[in-house]
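Here is my note for you. Keep the sequence and the model open, and go point by point.

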Amino acid sequence: MKAFLQELAEEIYNNHADLSKVTVVFPNRRAALYFRKYLGELIVKPVFSPKLLTFEDFVSGLSPLRVPDKLELIYRLHQSYSTTIGMEAEPFDQFFMWGEMLLRDFDEADRYMIDAKMLFADLSNLKELDAGLDYLSEEQISFLKNFWQGFDSELSVNKKKFLDVWKKLYPLYRNFSEKLSVDGLAYEGRQHRSVAEELLTGKVKLPYHAAEVKRLWFAGFNALTKAEEKIISFAVEQGTATVRWDTDQYYVNDASQEAGEFFRAYRHHPVLAKTFSSDFPGNFRQNKNVNLLSASQPTGQVKALAQKLAEELKKGLIPEESVIILPDEKMLTPVLHSIAPVLEKFNVTMGFPFGSSPAYNLVELLVELRISAKQNYFNYQQVQSVLSHPYVVAAGVASVNAKMKEITRHNWVSVPKEFLASEVQLHAVIFSEAETITSYLQQVFQTLTSLSSLDGVDQEFIYRGTQLLNRLSVVWSTSLLKGTNNVSTLKSFLRLFRQYARGEKIPFAGEPLKGLQVMGVLESRNLDFKNVFILSLNEGVFPSAGNQGSYVPYSIRKTYGLPTPEHQGAIYAYLFYRALQRSENVHLFYNSEPDVLGQGEMSRYLQQLIYESGFTIKEQVLHNPAHPRPVTPIVVRKDENVLKSLARLNEGTIRSRGLSPSALNTYLECRLKFYFQYLARIREVRKVEEEIDPRILGNFLHRVMEGFYHQILEKKKSKTIEAGDFDFLEKRIDKLIDEAFIKEYYLDPHQEVMYDGQRVVVREVVKSFAKRIVEFDRQHVPFTIEALEQNAWMHNIKISHAPGFVVLGGTIDRIDKKANEVRVIDYKTGRDELDFKDVESLFLREGKRNKAAFQTLLYALLYKNNNATADLKIVPGLINRNNLFDDEFQFGLRMNKAYLADATPLFPEFESRLSTLLEEIFSPEEVFDQTTKEEACKICPFTGICYR
């Protein structure tokens, strides 16, 4: 079956002896490329090629006005907007998004040659509808009335805002158009309108003469704008042009088929009607092999495509006769990855979205890095994100790894800039100072071009990024990074960059006629392939949702003939049927799983094809059944290696201080967790902790209290604490808190500690805790400090299993003595309970167990067994949130709701039960299994292993 462009090439070749005098105008460049290929197959001797133009090129050749790029147009529109609106005008970065919308509305108004003054007229006074609109039909006036009658009553806030903007649109349109015209510029719609109007008035002449053999051809057009219609009609009426439509009787002759809507209208056009032949081709109903494949999720479609393509290649599919059409541009990357192993050659005609490239992501990260900068520091999150970027890694992977480890090891929430300075050139540029954001980014991208480790595709991304930054630097004011408005300026730039760059595409370089073609829907116009693969045939994708914003409401669009969703639906319907009409093998794919809102079902065009075309369609469903593995309980038996690990816990050396109260609490909570943490030594991934969790908060309090009493002991050379030791209390605590922050976050000790965000909260919490503790201590003087953060004491308990004894150890926060009473103090910043029922309850796995009381009693036991305690009362207790801020504060634990005056009588039972517990831990027959209390698993770091 011959392609449309092949038939056109034959017709033009047979009708023109001198091809160099012929001009052929197409909807897009891809059609011109294939036309040249077909024409070349007919030519047997050297000749000059006809002039092949897109419609935009054709119009540009007739107009003295130049069309700038989108960024310049929106920038100029913003200037006109500022002139029209005055002091209330938004800055350029905030204007850009709706500036795009305005530019699109103005462009459409001119393409469809609408009187902008009438389009943007304020008809809220319904009387105005009865005057001056006699050129509209009754139906059009009805549309206007339906819209504007809502403004006849009392106006809501939103309606007032709409009217305020609406009234300014025509003055803005006029100002913008006039300023562009003065500079010899225009947007495309304005240029088209200008040429159409000047052709009709005779100001512009077509460079062709009426002749029997017409030298101007318009080929493959469908939904013409009013300006296109006027220009083509004028050329036809003048006898200088021939029009060839790419149609099929299937959808043109059937009034129910929206795909033929525009052709049916042109058949009744006073001029264009005579350009149609009496009979339309009937290619669509020719025999076709149609396969319909549904898959869950877009990834499933891509996998099915690659599989189907591989099967067809084995059957003899010729890549040059095949096309993959992608209605959803986000599918491009996964499709390329999937077909690359199957095909040697393929050509991508659709542009790759710059917003999906690593270069775009790098600009975002770099600007966010600058936003995070405070004095001589960068925020760790932005630093880690930049260091993890593939381009930055490619510049020096060893340097990146070293920096990441240091940042994590030091828990640097704020990373010093001098630390990030590197011998790697790219790293040095990224973390250096810069005068302006644009020059900084340009310098980074300039450095990237010298990286030999980046391949051609990445260099293309970088080159395109450099182009965009160069354009932005023209319209972006030179705002200094060191300015007083630094952060807001950078945020404004980032907002502008995102809005501008997301709409940009990167063209792929390649051999355009070699291999299988991968293209978007619009690129497929006028092209015919034997084998057609179309993906993403779901509502909202094909046809697209058409959610481009507009200031012109639907009713007013309908009134004046501007494009509406129905208009777009008809265009996409034509593109769908046109892609299939001359094909032989059709493979259609859609997502069988709608989204959470139930949207995205099978495309209406697929439904039409199934129920109206009469084709025998082979339907397949790609189904990947899920086979969930049952979650089986994990049991670790004590083999030789496990027993060796247990023995290492029991060494009682500097490296291992024996079993701590925390370890025993973990075992009682979950035996398997104890195994993972203390025997298998599975560690959580270390990361910078910005959030101040209870552990870090506790660390700060411990350091402050230890430092407070260490300073007193060192100064006095005595362990006795007296009332005079608490002078200048607040100042000393503030200094200790600063020192704790410096130590925790490895800050520069020579610089003032800066508190912001959560640090302010933490400082105040620690300060209030420390002051309260010291105030109670002042009331308790005189007393003697026996130990601070003591971790040298250990205690051996005999067991019947190897190695015959167990070493217990731990770090005791503070022990002090007054008269014959020794207090064993454990600082807690949480809400740990003081109460426990009895000693037995501290060893129970089921029910509520007081872990803090267990820990403190074990510390008291360690003290007793490492010191002479005859005639001494040992009082273990917690100082925590629950009791510290109580006006009737009393130190100690409560057993059966009574304060424990002396823990010594409890030690025999406590030690006996402790011995039983240790026998179980070291018994070779006992296993490490999961806890039955699944609520404890919610905060366990090993849930990823247990699947609880």
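1. In which loop does lysine 897 lie? Lysine 897 lies in the loop between β25 (894–895) and β26 (898–899). The residue is exposed, because its relative accessible area of 76% is over the 50% cut-off. Lysine 897 also has a positive phi of about 70 degrees, although it is not a glycine. As background, most residues other than glycine have a negative phi. Please bear in mind that this is a predicted model.

2. Now the overall picture. The protein has 36 helices and 27 strands. Its radius of gyration is 40 Å, well over the 30 Å that the globule rule gives for 948 residues, so the protein is more spread out than a compact globule. Its C-alpha atoms fill a box of roughly 125 × 65 × 60 Å along the principal axes.

3. Next, the surface and the contacts. Of the 948 residues, 51% are buried. The protein exposes about 45,600 Å², and carbon and sulfur atoms supply 50% of that area. Take the contacts between residues at least 6 apart in sequence: 77% of them join residues at least 24 apart.

4. Charge comes next. There are 116 positive and 122 negative side chains in the protein. The centres of these two sets lie 2 Å apart.

5. Look at helix α1, residues 4–15. How far apart are its end C-alpha atoms? They are 17 Å apart. At 1.5 Å a residue, 12 residues should span 16 Å, so the two values agree. The buried residues of α1 are Phe4, Leu5, Leu8, Ala9, Glu10 and Ile12.

6. Repeat the check on helix α30, residues 694–716. This helix has 23 residues. From first C-alpha to last, α30 reaches 33 Å, close to the 33 Å expected at 1.5 Å a residue. Just after α30 comes lysine 717, which takes a positive phi of about 60 degrees.

7. Methionine 113 has a positive phi too, of about 50 degrees, and it is not a glycine. Find methionine 113 in the loop between α5 (92–111) and α6 (116–119). Is methionine 113 buried or exposed? Methionine 113 is buried, because its relative accessible area of 19% is under the 20% cut-off.

8. Two peptide bonds deserve a look. As background, most peptide bonds are trans. A cis bond joins phenylalanine 542 and proline 543, with omega about 5 degrees. Proline 543 is in the loop between β13 (531–534) and α24 (554–560). Another cis bond joins valine 781 and proline 782, with omega about -5 degrees. Proline 782 sits in the loop between α32 (758–780) and β18 (783–790).

9. Glutamine 581 is in the loop between α25 (565–580) and β14 (585–591). Which residues does glutamine 581 contact, leaving aside neighbours within four places in sequence? They are Met1, Asp246, Thr247, Asp248, Tyr251, Asn283, Phe284 and Lys288. Glutamine 581 is buried, with a relative accessible area of 0%.

10. Asparagine 850 is in the loop between β23 (835–836) and α33 (851–866). With a relative accessible area of 10%, asparagine 850 is buried. Not counting residues up to four places away in sequence, asparagine 850 touches Glu833, Leu834, Asp835, Phe836 and Leu842. Valine 47 is another matter: the C-alpha atoms of asparagine 850 and valine 47 are separated by 96 Å. Along the chain, these two residues are 803 residues apart.

11. Finish with threonine 932, in the loop between β27 (928–929) and α36 (943–946). Threonine 932 is exposed, with a relative accessible area of 60%. How many residues along the chain separate threonine 932 from glutamate 669? They are 263 residues apart, and their C-alpha atoms are separated by 9.5 Å.

Conventions
Residues numbered from 1 in each chain as written. Predicted model: local features only at pLDDT ≥ 70, side-chain atom pairs only at ≥ 80, totals over all residues. Heavy atoms only, no water. Helix = DSSP H or I, 4+ residues; strand = E, 2+ residues; numbered from the N terminus. Expected span 1.5 Å × (residues − 1). Buried < 20%, exposed > 50% of the residue type's maximum accessible area, 1.4 Å probe, protein only. Rg over C-alpha atoms; globule rule 2.2 N^0.38 Å. Contact = heavy atoms within 4.5 Å. Areas by Shrake-Rupley, 256 points an atom, 1.4 Å probe, with all protein chains shown as cover. Lys, Arg positive; Asp, Glu negative; His and termini not counted. Charge placed at Lys NZ, Arg CZ, Asp CG, Glu CD.
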